[in-house]
Amino acid sequence: MDILLSTSVWDPKEWIEGLDISDQVGEIHAWPTDKDLSNVEALFVWKPLAEGVVKRLPKLKWISSLGAGVDHLVTDPQIPKNIPITRIVDPNLTADMANYVMMGVIMYQRRFLELQENQQKKHWERLAYKKLKVGVMGLGVLGGHLAKQLYSAGFEVAGYSRTQKQIEGVTCYDENHLNAFLSELDVLVNLLPITPKTVGMLNYDLLRKTPKGCYLINVARGNHLVDNDLLKLLDENHLSGALLDVFHQEPLPREHPFWTHEKVMVTPHVASVTSPESALNLLKENLQRLIDGKELLHQVDKEIGY
Ligand code: OXD
């Protein structure tokens, strides 16, 4: 069995060396290539997957995303419905996401930017801070872990997910109770999967249902958010600010108003980045499962899109 790796982000070498695990694995190819791909059974992809790749893989049996997100795969029309798609679920990825969001929440709560401005002015003032209620939208592996971390750190935590979840210390709401979830938050964190239902979900109507002064953190996908609606709510002083790690277009175009908005912090999609070293554990486990004819771990439900 051959493997094909298609990634625009990493040096394929890091993955290829770690994947050579079995005498049943033949060649490991990196896209783009002119070589014969007719023995490829496993395809590992970080976006974008070039058009026409799948046609060259008549024996394809499995596709894995090289990240937690699978939106680039579930929406790709060249991928046949019967090929299982898996995602990376990795303790490091999960911990990194929680750490990034905790950093954003704590910087906001402890008024870190104001403290830094005061330092510039050599102004000594012990700024007051209050206990915050943080709402996490999306309680999958990443969101569920984050909600628990926030609770352990002493925050009041609410969680929202399509179906009802139970997480100790977290008040959980299902999709029929979105308004109740939003109504008392100081910080709203988006970790929803992106599906046709959630595209544009962070729009004026939804964000306006948070209490005045709420802070937004988006670490899921740029197209959850309607950028102009966020700008409007910031300018109307309904939202107090936003920390954004993901964007409609990445890199964020230089002329985009988020770069220079005084209430927006921009980071370049770094909240949680797959490390080949630790993600390879799961890929190798799934590779062995494919060879042994066992069910693959962390498969995507194509009906619901994540
Ligand atoms: C991911 C990401 O999906 O980095 O892993 O966005």
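Analyst: Seven strands make up an open sheet, with parallel pairing and the order β8-β7-β6-β9-β10-β11-β12. Strands here are DSSP runs of E with at least two residues, helices are runs of H or I with at least four residues, and both are numbered from the N terminus. Two strands pair if DSSP finds at least two bridges between them. At the edges stand β8 (170-173) and β12 (264-266), each pairing on one side only. On average, neighbouring strands of this sheet are turned by 15 degrees against each other, direction ignored. Such angles run from 0 to 180 degrees between N-to-C directions, and the axes are lines fitted to C-alpha atoms, for helices over the stretch in contact.

The model is predicted: local features need pLDDT of at least 70 and side-chain atom pairs count only at pLDDT 80 or more, while totals for chains, interfaces and linings use all residues. Residues are numbered from 1 along each chain as its sequence is written, and side-chain values use heavy atoms, with hydrogens and water left out.

Strand β7 (residues 156-160) runs parallel to β8 and is joined to it by four bridges. V157 stands opposite V170 of β8. Helix α3 (residues 91-109) packs on this sheet, where it touches β6 (133-137), β9 (187-190), β10 (214-218), β11 (239-244) and β12. Contact means heavy atoms within 4.5 Å. The direction of α3 makes about 160 degrees with that of β10.

A further open sheet has five strands in the order β2-β1-β3-β4-β5, again with parallel pairing. Its edge strands are β2 and β5, each of which pairs on one side only. Between β3 and β4, which run parallel, there are four bridges. L43 has I63 in β4 as its bridge partner. Helix α1 (residues 12-19) packs on this sheet and touches β1 (2-6), β2 and β3; the direction of α1 makes about 170 degrees with that of β2. Helix α9 (residues 276-292) also packs on the sheet, touching β1, β3, β4 and β5, and its direction makes about 170 degrees with that of β4.

Some loops deserve a look as well. P32 is in the loop between β2 (28-30) and β3 (40-45), and the peptide bond from W31 to P32 is cis, with omega near 5 degrees. P48 lies in the loop between β3 and β4 (62-65); the bond from K47 to P48 is cis, with omega near -5 degrees. Q78, in the loop between α2 (71-74) and β5 (85-86), reaches the backbone nitrogen of G52 with its side chain at 3.2 Å. A polar atom of that side chain lies 3.1 Å from the backbone nitrogen of V54.

Around it are W46, G67, A68, G69, R221, H269 and S272, counted as near if one of their heavy atoms lies within 4 Å. An oxygen atom of the ligand lies 2.7 Å from a backbone N or O atom of A68, and a ligand oxygen is 2.6 Å from a polar backbone atom of G69. In the side chain of R221, an N or O atom is 2.8 Å from an oxygen atom of the ligand.

Conventions:
Polar contact = N/O pair within 3.5 Å; in protein donor to acceptor, adjacent residues only side chain to side chain.
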